[in-house]
Amino acid sequence: MNFDFTKASEACVKCVKCVPSCTIHKINSDEVTSPRGFLELVGAYQRGELELDKNAKDIFEKCFLCSTCVSICPTSLPTDLAIENVRHDIAEKFGITWFKKVYFFLLRHRGLMDFSFSFISVFLPVLFKINHETQSMKPRVSLPFIGKRVFPLLNRKSFLQRHKKEIKNSEESEKVALFVGCFSNYHYTKTADSLLEILKALKINVFIPPRQRCCGAPAFFTGDFKTVDMLIKQNVEYFETFIDDVEAIVVPEATCAAMIKEDWGRFMQEQPEWHERVTKITSKVFMASEWLYAKTDLLKYLKTLHMDDKINVTYHDPCHARKVLKIFKEPRALLAENYNLVEMSDPNQCCGFGGVTIQSEKFELSKKAAKSKVEMIKQTKAKIVSAECGACRMQLTNALDKNDTKVIFSHPLELIAEAIRNSKKS
Ligand code: SF4
Ligand code: SF4
């Protein structure tokens, strides 16, 4: 991927519109860590006026890649894309930290990932308190590097290992494919199970492609473009074997959906043959709430359910859904049928997940970014916060725990499946 930073840098008119909403600038109010500061720096870097030294590396790694600036900028200047490209140069120059290398190696080798996670999960209860209801685990004592941070649960068997590939819910020949995403495959498996429950209620046949791979998002945001190239090509070659037999490929994770629909095409710009193949696939890819809302009778079905007391729920917009894919009304419309939706004061604010680097080497920034989000959630007095994204869930579950709130997190698909279940019982 070769992106001309200079054009974006020169096109910035320094109007400042993007600055007040920038996730990093809110917690580190320095011009260099603001969208227009980043654009100035990437321009200087491309003109050869800025050396990519440790200080520059540190600055570029502070961006949360939340795309808030792009969604606000009058000319949609792609600050996030520019930084993703610089991160590739950073990875080439400085190398990738060992634990990220191990993680990306496992992403490229799903069999080994399945085995390793299954093996590790056996020993986890020794060190962690497991909470199956919230699908999370918390260290029993403060551990080196991670303290008492709450992590997503690691299941002994992944979603893909537990399910057969064809699920027949009707006699019709139509079916949808499910791209599960790593969070829903290994950690928050109730999300993907809930999607299956909803599709069963709607009598829609499902194909669960067993050889699907990671979409490549964690490697993309870290600058490991070799891994991204490999994962996109492996997925595309595999998806081509069934794409004509399915109505759609449905994704219950905002980040994976945005990666596939937006970044796969951008990544393959300079490989025209692959770009064309990617485009054919991505035209059939949808985020789950988007597809269920627009292409099925789910909304009508939910209207027939009777809930005695509607629980207060607040919906958090994942950046990849709201700002990249422009999906925000669909999950709200589906949830509002059976839950009492309470809005937060600023639906645009990022939760502060930020990707692998922020979560590991710059976690202090992530904690600061989450603080105001937690305050917003508390102000709604909702019992549940919901978002269609495993990364937001990991971030918010930990932040809610650390800020002593009783609010719990649940994916919109889990809430919808629960409404269907409860209504059947009553
Ligand atoms: S992507 Fe987010 S954190 Fe990065 S510059 Fe834009 S608004 Fe700021
Ligand atoms: S909103 Fe766009 S043009 Fe204005 S300062 Fe930000 S990046 Fe530059």
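Modeller: His25 sits in helix α2; helices (H or I, at least four residues) and strands (E, at least two) are DSSP runs, numbered from the N terminus. This is a predicted model, in which local features need pLDDT of at least 70, side-chain atom pairs count only at pLDDT 80 or more, and totals for chains, interfaces and linings use all residues. Residues are numbered from 1 along each chain as its sequence is written, while chains are lettered from A and ligands numbered from 1 in the order in which they are written.

His25 counts as buried because it has 24 C-beta neighbours inside 10 Å; the label buried requires 20 or more other C-beta atoms within 10 Å, exposed means 12 or fewer, and partly exposed lies in between, with C-beta atoms placed from the backbone. Leaving out residues up to four places away in sequence, His25 touches Val19, Thr33 and Ser34, a contact being two C-beta atoms, placed from the backbone, within 7 Å. The C-alpha atoms of His25 and Asp309, 284 residues apart along the chain, are separated by 41 Å.

Ligand 1 has 14 residues around it, of which Cys22, Cys63, Cys66, Thr68 and Cys69 come nearest; such a residue has its C-beta atom, placed from the backbone, within 6 Å of the molecule. Helix α2 (23–27) is among the elements that give two or more residues to this shell, along with α3 (35–46), α5 (68–72) and α6 (79–94).

For the whole protein, the secondary structure comes to 23 helices and 12 strands, and 47% of the 426 residues count as buried. The C-alpha trace spans about 65 × 50 × 45 Å along its principal axes.
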